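Here's a quick tour of one protein model, meant to be read with the structure open beside you. Grab a viewer and follow along.

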Amino acid sequence: MWSTHQFWVGLFGALGVDGRKLVFSSDSSEEQARRFAKGRGTVDCCYPVKCISGHYGELLAREKHRKIDVLFSPMIYSLPSFLKGHVLDNLACPRVMAAPENIKAGFLKEKDAFAERGVRYVTPLVALGDPPLVPKQLHPALAEIFPDATFAEMKRAVSEGYAALDAFNARARRKAREVLEHCAAADRPCLLVVARPYHMDPGIGHEIEVDLQGYGYPVLWAQYFPTDPQLLEWIFAEDLRGGRIRSPFDIADVWPSSYSANTNEILWGAKVAARVPWIAGVIRLASYECGMDQPTYTPVQAIVERSGTLFFSFQELDSTKPAGSVKIRVETIAHYLQKYSKDIIERKKAAAAPGCPLFVAASATTGLTPPERRPAAPGDIPDSTAGAS
């Protein structure tokens with residue numbers, strides 16, 4: 001839901017549902033789990049999957065005047081991705097895909113909690129990474145909720161859902177481009193987070209990137225890195241010229257088993273971070289015992305560090321992660337960035353291709369001189385108001 005929510009908002013809106021009637025559960029939290037997931041636990045080593053019990057329980061516990069009619073929790077088989085066509089597939093994690101069926105069991109083991117509250121539980125299997133299939137999957141699955149919707153209407157609603165998702169992603173990437181332009185013009189560092197979308201949930205990602213922004217470092221997420229052709233061709237100029245990759249979105253040189261959508265984007269993000277001079281550090285987030293992430297730890301770290309970029313990893317995030325240790329780690333990261341980012345940027349700029357397209361746009365909007373001609377001032381540190389995507 002952290003990467004596809006706008007699709008569903010657009011879809012249901014096109015089917016006539018007032019947006020004010022759509023309710024999302026709140027961010028994951030220990031309080032949510034204690035209040036609403038007690039006695040609903042199911043066996044799964046994936047912490048984000050375990051969190052879902054609290055979200056279901058919270059929605060079912062809503063008071064009469066705010067009661068929901070339908071609890072919609074799709075099993076998403078594949079995901080839309082900007083890497084489609086350049087990788088083998090864009091599948092979702094199988095544990096996350098099957099989570100609605102897994103978590104449902106905890107609400108049926110004693111009595112049917114959904115029926116007791118008069119709530120329809122709808123969990124269609126949907127391959128969002130294969131748009132032509134989606135109307136065929138959703139039309140019969142949503143027939144109980146929208147009995148009068150024709151297949152043609154469902155097809156149109158699906159198109160509007162993708163349009164809404166594309167528009168949201170485009171806005172996020174434009175903002176990320178603005179951040180990069182600011183950093184290029186001012187010769188200041190930013191950070192790139194390589195993680196799964198659910199790490200944007202404060203209860204799962206612990207808002208580590210927010211704490212770092214508090215130190216004045218703009219933060220970008222790999223999923224929303226700008227994909228402008230001119231920019232990507234500049235970033236990957238040497239690799240394209242040397243024939244190591246077929247396109248700026250090709251990751252076969254570092255990850256031949258490119259089936260998982262989120263894994264593919266994490267590896268691609270590592271490649272981008274290694275080549276963009278103003279990305280001085282990478283933050284790697286992963287939840288405890290994530291089987292999908294474990295094989296990526298070594299290659300992601302190697303790609304980033306080989307370029308001289310700072311790499312910081314949080315590989316065991318879960319509900320018991322001590323806030324104190326996170327605070328100390330964040331302070332350490334901020335210290336290393338302040339100490340080394342200037343040298344990192346200079347080294348990476350020296351290795352980059354000429355003609356960076358960020359300079360033209362940045363100088364037009366900010367009036368700042370490109371950093372090749374404007375030496376950084378002593379003690380120059382990032383501005384906390386620079387913004388982030």
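What follows covers a core, a helix and a pocket in this predicted model.

Let's start with the core. The largest nonpolar core has 42 residues, and Phe-225, Trp-268, Trp-278 and Ile-279 are the ones that touch the most other members. Helix α12 supplies the largest share of this core, seven residues. Other elements giving two or more residues include α7, β5 (190–194), β7 (279–287) and α15 (357–366). Click on Ile-279 and, leaving aside neighbours within four places in sequence, you'll find contacts with Cys-190, Leu-192, Phe-225, Val-272, Ala-273, Thr-309 and Lys-348. As a rule, nonpolar side chains in soluble globular proteins tend to be buried together.

Now for helix α6, residues 134–141. Which of its residues are buried? They are Val-134, Pro-135 and Leu-138. Viewed down the axis of α6, these buried residues fall within an arc of 85 degrees, so they line one face of the helix. That buried set packs against α1 (5–14), β4 (125–127) and α7 (151–186). Lys-136 and Pro-140, on the other side of α6, are exposed.

Last stop: the second largest pocket, with about 500 Å³ of space. Its lining has 19 residues, and those closest to the centre are Glu-238, Asp-239, Ala-274, Arg-275 and Ser-307. Helix α11 (237–241) is among the elements that give two or more residues to the lining, and α11 gives the most, with four.

| Class in the pocket lining | Count |
|---|---|
| Nonpolar | nine residues |
| Polar | one residue |

Key:
Residues are numbered from 1 along each chain as its sequence is written. This is a predicted model: local features need pLDDT of at least 70, side-chain atom pairs count only at pLDDT 80 or more; totals for chains, interfaces and linings use all residues. Side-chain values use heavy atoms; hydrogens and water are left out. On a 1 Å grid over the protein atoms alone, a cavity is a set of points where a 1.4 Å probe fits but cannot get out, and a pocket is an open set with protein on both sides within 12 Å along at least five of seven lines; lining residues have an atom within 4 Å of a point. Grid points are joined across faces, edges and corners, and a volume is the space filled by probe spheres set on the points. Ala, Val, Leu, Ile, Met, Phe, Trp, Tyr, Cys and Pro count as nonpolar, Asp, Glu, Lys and Arg as charged, and the others, Gly among them, as polar. Buried means under 20% relative accessible area, exposed over 50%, partly exposed in between (1.4 Å probe, protein chains only). The arc is that of the directions from the helix axis to the C-beta atoms. Contact means heavy atoms within 4.5 Å. A nonpolar core is a set of buried Ala, Val, Leu, Ile, Met, Phe, Trp, Tyr and Cys residues joined through side-chain atoms within 4.5 Å.
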